[in-house]
Amino acid sequence: STIALTDSKEGQQYLRYLPPKVLVIGGAGYIGSVLVRKLLNLGLHVVVLDNLLYGDRGIKDYLDNERFMLIRGDVNNVEKGLEAAEDVDAVIHLAAIVGDAAAASNPRKTLIVNQLSVTNVIEVCKLLKIPRFIFASTCSVYGHADELVSEESEIKPLSLYARTKAEAEKIILTRADEDIAPCILRFATVYGYSPRMRFDLVVNRLIAQALIEKEVTIYGGNQWRPFVHVD
């Protein structure tokens with residue numbers, strides 16, 4: 001599908017080849033609700049599969065949009081997955097139990113959602129011949145590193161969260177074939193405003209503390225980690 005996008009600053013028209021219909025699994029979440037807005041603004045049709053564990057605040061503004069469809073269901077429900085993926089051209093898998101603390105508090109659910117669900121999703125893509133599959137992984141798969149890392153760097157996942165994401169990557173890559181082109185994104189720690197806001201993320205938490213309590217609390221102070229804005 002060819003969609004014309006105009007850059008108002010340069011007055012030039014660009015043609016980009018974009019999938020006309022996209023399924024976003026976990027589209028009501030922190031990242032998903034920002035992504036859905038962007039896809040709709042590009043003129044695409046968007047289907048969201050989400051169990052709405054944290055409500056529909058992130059997507060409620062789109063419920064009346066004729067190019068938007070919400071299917072409430074669990075990522076591990078194959079029937080719901082097939083319903084959501086019908087006639088889509090790309091799948092973006094964002095659904096997960098995110099972060100070390102959340103994963104450690106419910107190891108069984110973390111394994112099911114973060115790792116085992118990927119098998120179902122990739123098989124749905126193969127069955128329906130959906131060519132594009134994007135998976136949200138994490139830079140935590142690298143563990144502690146003393147140097148810059150790349151796609152070729154060895155992974156050393158330390159936490160349950162990181163291990164489930166690393167295993168999910170293996171599942172995707174081993175099941176990929178000539179009919180599906182997966183892309184795995186190892187996100188840094190995300191920050192910034194989202195319609196489904198989170199304050200358990202370190203930058204967001206520090207900003208909230210600064211605004212509300214007029215001071216921030218730093219633990220340690222010598223550690224470093226990469227960040228990426230949700231936008």
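## Helix α4

Helix α4 covers residues 107–127 of this predicted model. Its 21 residues reach 30 Å from the first C-alpha to the last. That is close to the 30 Å expected at 1.5 Å a residue; the expected span is 1.5 Å times one less than the number of residues. Helices (H or I, at least four residues) and strands (E, at least two) are DSSP runs, numbered from the N terminus. α4 has a kink of about 40°, centred on Ser117. The bend at a residue is the angle between axes fitted to the seven residues ending there and the seven starting there. After α4 comes Lys129, with a positive phi near 55°.

Residues are numbered from 1 along each chain as its sequence is written. Local features need pLDDT of at least 70, side-chain atom pairs count only at pLDDT 80 or more, totals for chains, interfaces and linings use all residues, and side-chain values use heavy atoms, with hydrogens and water left out.

## What covers α4

Buried residues of α4 include Thr110, Val113, Ser117, Val121 and Cys125. Buried means under 20% relative accessible area, exposed over 50%, and partly exposed in between (1.4 Å probe, protein chains only). The cover over the buried residues of α4 includes strands β3 (21–25), β6 (90–93) and β7 (132–138). It also includes helices α2 (78–85), α3 (100–105) and α5 (160–175).

## The sheet

Six strands form an open sheet with parallel pairing. Their order is β5-β4-β3-β6-β7-β8. Two strands pair if DSSP finds at least two bridges between them. The edge strands, β5 (68–72) and β8 (181–187), each pair on one side only. Neighbouring strands are turned by 15° against each other on average, direction ignored. Axes here are lines fitted to C-alpha atoms, for helices over the stretch in contact, and angles run from 0 to 180 degrees between N-to-C directions.

β3 and β4 run parallel, joined by five bridges. Val24 has Val48 in β4 as its bridge partner. Four bridges join β3 to β6, also parallel, and Ile25 is partnered by His93 in β6. Another four bridges pair β6 with β7 in the parallel sense; there, Ala90 is partnered by Arg132 in β7. Both faces of β6 are covered. Ala90 and Ile92 are buried on one side, Val91 and His93 on the other.

The largest nonpolar core has 25 residues. Such a core is a set of buried Ala, Val, Leu, Ile, Met, Phe, Trp, Tyr and Cys residues joined through side-chain atoms within 4.5 Å. Leu23, Ile25, Val88, Val91 and Phe133 have the most contacts inside it. The elements giving two or more residues are β3, β4 (45–50), α2, α4, β7 and α5. The largest share, six residues, comes from α4.

Leu23 is in contact (heavy atoms within 4.5 Å) with residues including Val47, Leu49, Ala84, Val88 and Ile92, leaving aside neighbours within four places in sequence. A second, separate core of 17 residues includes Val24, Leu52, Ala90 and Ile92.

α5 has 16 residues and reaches 23 Å from first C-alpha to last, close to the 22 Å expected. Among its buried residues are Tyr161, Lys165, Glu169 and Ile172. Their cover includes α3, α4, β7 and β8.

Ile71 lies in strand β5. It counts as buried because its relative accessibility is 4%. Beyond four places in sequence, Ile71 touches residues including Val47, Asp50, Lys80 and Glu83. Ile71 and Asn51 are 20 residues apart in sequence and 8.3 Å apart in space, C-alpha to C-alpha.
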